[in-house]
Amino acid sequence: MATDLLQLAIYGVVSGSILTLGAIGVSLIYGILRFAHFAHGDLMAVGAYFAFSLVAGLGFPLWASAPFAVAGTALVAVAIDQTVYRRLRRVSPIILLISSFGIAIALRSVVQLIWGPHNQVYASGIQLPWRVGDIVIKPDHVWIVLGAIVLVTALHLFLTRTKMGKAMRAMSDNMDLALVSGIPSERVIVVTWAVGGGMAAVAGIFLGMDTRLHPVMGWSLLLPVFAAAILGGIGRPYGAIAGGMVIGLAMEMSTVVIDPTYKPAVAFALMVLMLIVRPQGLFKGNP
Amino acid sequence: MTLLAIEGLTGGYGGADILHGVDLRVEPGEMVVIIGPNGAGKSTLMKAAFGLVKIREGAVLFERRDITALRPDQIVRQGISYVPQEQNVFPSMTVEENLEMGAFIRNDDIRPQMDRIYTFFPRLAERRDQVAGSMSGGERQMLAMGRALMLEPKLLLLDEPTAGLSPIFIDQTFERIRKINEAGIGILMVEQNAKQALAVCDRGYVLTMGRNRVDDTGPNLLANKDVAEMFLGG
Amino acid sequence: MIQIEGVSKAFGGLRAVDSVHFTVATGGITGLIGPNGAGKTTLFSILAGFLHPDEGRVILDGEDVTGLPPHKLFHRGLVRTFQIPKEFSRMTVRDNLMIVPPGQSGEVLANAWFRWGAVRREDTRVRAKVDEVLEFLNLTHVADELAGNLSGGQKKLLELGRTMMIDAKVVLLDEPGAGVNRTLLNNIRDAIRRLNQDRGYTFCLIEHDMDLIAQLCDPVVVMAQGQVLTQGSMDEIRANTEVQDAYLGGGVSGRGVSAMTDDDIGKGGNGATDGADETDEEWRP
Amino acid sequence: MELGGLLTYGVFFLTQAGIYAVLALGLNVQYGLTGQINIGVAGFFAVGAYTSAILTTATSSAHLGGFDLPFLVGIAGAMAASAIVAVGIGWVTMRLRSDYLAIATIGIAEIIRLAFKNEEWLTNGVRGIPGIPRPFVETLGADPLISLGVVLGFILLGYWMVERARRSPWGRVLRAIRENEDGVMAAGKNVARFRLQAFVFGSSLMGMAGGLYAHFLGFISPEAFMPLYGTFLVWVMLIAGGAGNNRGAVLGAFAIWMLWSATDSLTRELGAEYATQAGALRVLLIGVLLQVILIARPQGILPEHGRRKGSR
């Protein structure tokens with residue numbers, strides 16, 4: 001039993017890592033643009049499929065295709081912002097939310113058009129897992145967790161050490177003061193989309209490594225990703241790390257008592273509980 | 001050359017005008033204070049100078065350049081810094097980061113300026129790694145001023161810098177503003193503590209109902225019996 | 001009518017309202033004045049149930065109503081208006097007022113389907129009342145205009161109209177004169193006076209236009225830094241040097257209203273050493 | 001296509017569009033009148049469909065029931081079941097910001113979908129529930145025109161309910177809440193209660209549409225619902241037709257359904273091997289259309305200017 005739980009905890013950390021990367025993007029975007037970006041899951045799928053094209057089409061190893069996928073997805077995110085969201089920003093966050101819902105559907109259709117509706121994998125065949133006692137660890141899982149740690153650290157450094165990263169935090173903190181300080185908001189917004197999109201791409205690639213690729217893969221992760229962001233206090237990228245881990249662990253550990261199909265329900269229940277008890281999140285989110 | 005000249009300014013938020021043909025000027029190195037009863041349009045006037053209010057008529061000139069139609073981020077680049085009354089720091093960022101954000105548009109070495117600010121506000125130096133949201137009101141006000149000074153502006157706009165501060169801090173704040181001014185930076189501020197503000201400033205404007213009423217030197221205004229009555233009507 | 005007993009409210013460390021006591025007398029017009037940040041609007045929000053006081057009690061007509069939500073207080077005849085009018089901008093002036101009467105049968109969804117006749121009849125009555133109110137306020141000509149298109153002064157009148165739609169007992173007016181031109185201001189002043197004299201409304205109003213206060217209010221309560229500084233007739237207030245100081249600032253020490261220390265304002269500051277931080281450095285740019 | 005076939009197709013088309021019109025009316029109560037964002041339309045739709053199916057089918061060992069009850073009882077049950085789900089989710093989220101409601105409805109729809117797929121005792125899982133009787137089949141026969149008539153009748157009923165609600169003092173309060181919540185509170189109304197009522201009312205209309213759908217098709221399974229596209233199409237219909245305007249909602253439903261069905265010919269043009277791509281292309285077009293409408297004509301075909309005369 002103890003080993004079972006430990007094994008589940010490992011899976012939990014793995015999916016927590018993936019959720020964290022998604023939730024950070026959602027939180028960054030929310031912090032600066034004040035709207036819930038519903039197309040984020042599908043951006044993850046786009047990233048995963050970009051990498052798939054390079055792996056399956058050009059025979060790149062996955063690690064080498066990841067940077068291209070990240071850049072491509074960041075570009076897609078910025079392009080969507082500049083063509084659609086930018087025009088709706090002054091209208092209202094509600095309209096932006098509805099628009100992003102439509103973008104989500106459109107992105108998924110594009111994925112389906114280009115790569116087809118079927119399941120895909122980066123590498124077929126069975127990976128030889130490592131065994132530590134009764135615990136089974138797949139090399140992919142190690143890469144996912146390590147990758148997430150590296151990325152989160154990199155993001156942390158970006159947000160705390162670079163001028164642009166600090167400007168992002170400043171805008172999320174106090175938009176009006178950022179403007180009167182001369183911070184160029186449009187440029188910061190573009191960078192926010194690039195960073196959020198890039199992180200989403202990595203999350204998508206990791207999700208593809210962990211399971212498989214499918215056009216709906218991103219959308220199905222949207223609920224847990226938002227649950228993680230809300231748990232951490234939406235608008236707080238650091239909270240998203242804690243939120244992602246809590247949701248990831250809870251979803252995996254819950255399979256001891258309930259049917260694994262209902263994992264999303266666990267994320268949902270935690271989110272609802274949070275909304276009732278402490279709507280501002282574990283760490284105080286943006287109002 | 002006049003530093004800031006506001007000429008016949010009429011405007012407000014949305015539909016209703018709050019300012020009705022206001023004139024005001026700040027000469028280089030001058031310290032000018034705007035006083036008047038609540039709702040007279042003092043803060044609105046200051047915001048109008050900084051491009052934050054819709055201006056229907058009139059002009060704002062900075063060193064004879066027309067800045068009436070510029071956005072705040074463009075006005076900052078002209079050499080004007082603005083300290084809002086409330087929410088004038090980035091609460092989740094450290095003191096040092098707040099100062100850096102003040103200098104966002106500068107691409108040169110900001111270290112010397114930051115050191116000067118730390119010497120001027122030793123309290124900020126002590127707290128440089130503390131997040132602004134956890135500081136007291138007086139410290140935040142120092143930080144807000146420090147942030148605005150990072151640009152090395154020619155003109156500093158201060159909106160009620162002593163609001164909500166305890167008496168001892170009010171004195172200190174005026175003292176600091178005077179020192180900043182003595183170094184040649186033009187100052188335009190809105191103040192509630194009219195007596196103290198008039199005592200330290202070069203000139204003052206009294207605004208009521210969005211219009212100029214009196215302008216004179218600080219001491220003269222202080223001695224003016226009508227000024228006190230203007231606040232209480234009648 | 002309203003007794004305010006030791007009401008306090010702090011935000012973070014800032015004591016916006018600090019053990020305030022005073023009484024709004026039945027049938028009178030009480031003025032509430034004071035410099036910005038004195039806590040007047042916060043006090044209104046507490047009286048009308050929008051904020052919960054940290055300490056103290058609010059007694060309405062002899063009953064403790066502290067902490068009741070706005071809609072409950074509303075039903076007891078206590079109504080507030082807002083400094084910035086909260087009109088429903090994309091609805092007509094008439095609809096803005098038709099909203100107001102509480103417990104309209106048509107607000108129950110089932111009645112809208114199954115008792116349409118009764119709902120219509122009631123609506124007709126409400127409409128007649130609205131017409132009367134609009135007439136009273138000289139707003140009839142804009143009845144079908146979208147409220148968002150009204151001038152600032154007309155919006156203030158509309159706010160007043162809302163309080164007339166229920167026969168309010170006490171009305172809290174937050175700056176009825178702010179941003180209003182002279183002509184409309186007289187209009188508002190007359191409306192308030194007539195409501196008070198002819199219909200027995202009790203008013204408490206925050207206002208910065210001292211002329212308006214002088215014309216309408218007795219007594220006048222002066223607040224500064226969260227506390228009641230003094231109260232009396234407007235002439236007494238004008239003669240009071242403390243009040244002048246409160247407005248002009250300066251001469252602060254020993255005034256009794258300055259109990260607030262800087263430490264109260266933000267958390268975490270080393271309050272004890274604050275203030276001892278004089279700098280002799282010159283500022284050299 | 002010969003005339004008979006065309007006619008059959010026309011009846012089929014109108015019936016389906018009609019069901020969407022009921023959905024759009026339901027969403028209009030929530031978004032158009034109240035400003036609530038429900039991304040779980042398909043969930044409430046599915047609850048309605050399954051409830052009515054279970055209530056009206058003959059007893060079966062494959063799923064709960066059936067209870068062999070009359071069609072109208074099925075529809076009433078469908079509305080009640082969706083309303084109950086809505087009360088649960090609404091109770092939690094009504095006091096929060098509208099984007100939280102949106103996320104919560106995504107969750108509830110997903111859970112509903114999973115439950116209907118996996119709880120075989122209740123729904124017979126992926127095999128679905130067959131043999132759902134057509135409306136009034138015993139008295140009026142199985143002519144598709146009868147179904148169409150019934151659906152049109154329900155559109156009228158739904159339209160009447162929503163329009164009357166909109167024009168009533170109740171609708172007036174909702175519009176006011178959308179404009180300025182504090183103002184409504186100051187006017188002594190219980191804002192949360194009105195919001196919850198609107199959410200539940202809208203959801204029960206979606207349940208009603210679900211019931212109609214089940215009886216119209218005669219067979220339902222989790223796959224039949226296209227969970228997301230269901231929701232998405234309804235949103236595009238409402239936005240295109242004019243959020244806040246009931247005639248706009250109905251018009252949008254028919255217009256977008258016509259467009260959607262017209263693009264169906266793409267599938268046939270491209271042939272069977274490209275069927276899935278064609279499907280994706282159709283969805284993409286609608287997704288782009290939504291963006292175009294939001295940017296170019298956010299008020300829709302029939303704007304909500306009725307609000308000027310409002311409660312007349």
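**Close-up views of a predicted model**

From the N terminus on, the elements of chain A run α-α-α-α-β-β-α-α-α-α-α-α-α. This is a predicted model, in which local features need pLDDT of at least 70 and side-chain atom pairs count only at pLDDT 80 or more, while totals for chains, interfaces and linings use all residues. Residues are numbered from 1 along each chain as its sequence is written, chains are lettered from A in the order in which they are written, and side-chain values use heavy atoms, with hydrogens and water left out.

**View 1. The fold of chain A.** Chain A has eleven helices and two strands (DSSP runs, H or I of at least four residues for helices and E of at least two for strands, numbered from the N terminus). The C-alpha atoms fill a box of roughly 60 × 45 × 35 Å along the principal axes. Of the 287 residues of chain A, 59% count as buried (under 20% relative accessible area, with a 1.4 Å probe and protein chains only).

View 2. Look for Glu97(B) in helix H3 (residues 95–102) of chain B. Is Glu97(B) buried or exposed? With a relative accessible area of 9%, Glu97(B) is buried. Leaving aside neighbours within four places in sequence, Glu97(B) is in contact with Thr160(A), Lys166(A) and Arg169(A) (contact means heavy atoms within 4.5 Å).

**View 3. Where chain C meets chain D.** Here 35 residues of chain C are in contact with 32 residues of chain D. The area buried between the two chains is about 3,100 Å², and carbon and sulfur atoms give 57% of that (buried area is the accessible area, with a 1.4 Å probe, that two parts lose on being put together, summed over both). On the side of chain C, Arg90(C), Glu107(C) and Trp113(C) lose the most area to chain D, together 22% of what that side buries.

**View 4. A salt bridge between chains C and D.** The side chains of Arg172(D) and Asp123(C) meet in a salt bridge, 3.3 Å from N to O (a side-chain nitrogen of Lys or Arg within 4 Å of a carboxyl oxygen of Asp or Glu). Across this interface the rule finds four salt bridges.

**View 5. The helices of chain C that touch chain D.** Helices H2 (70–75), H3 (93–98), H4 (109–114) and H5 (116–136) of chain C each give two or more residues to the side that touches chain D. Which helix gives the largest share of that side? The answer is H5(C), with five residues.

Key:
Buried means under 20% relative accessible area, exposed over 50%, partly exposed in between (1.4 Å probe, protein chains only).
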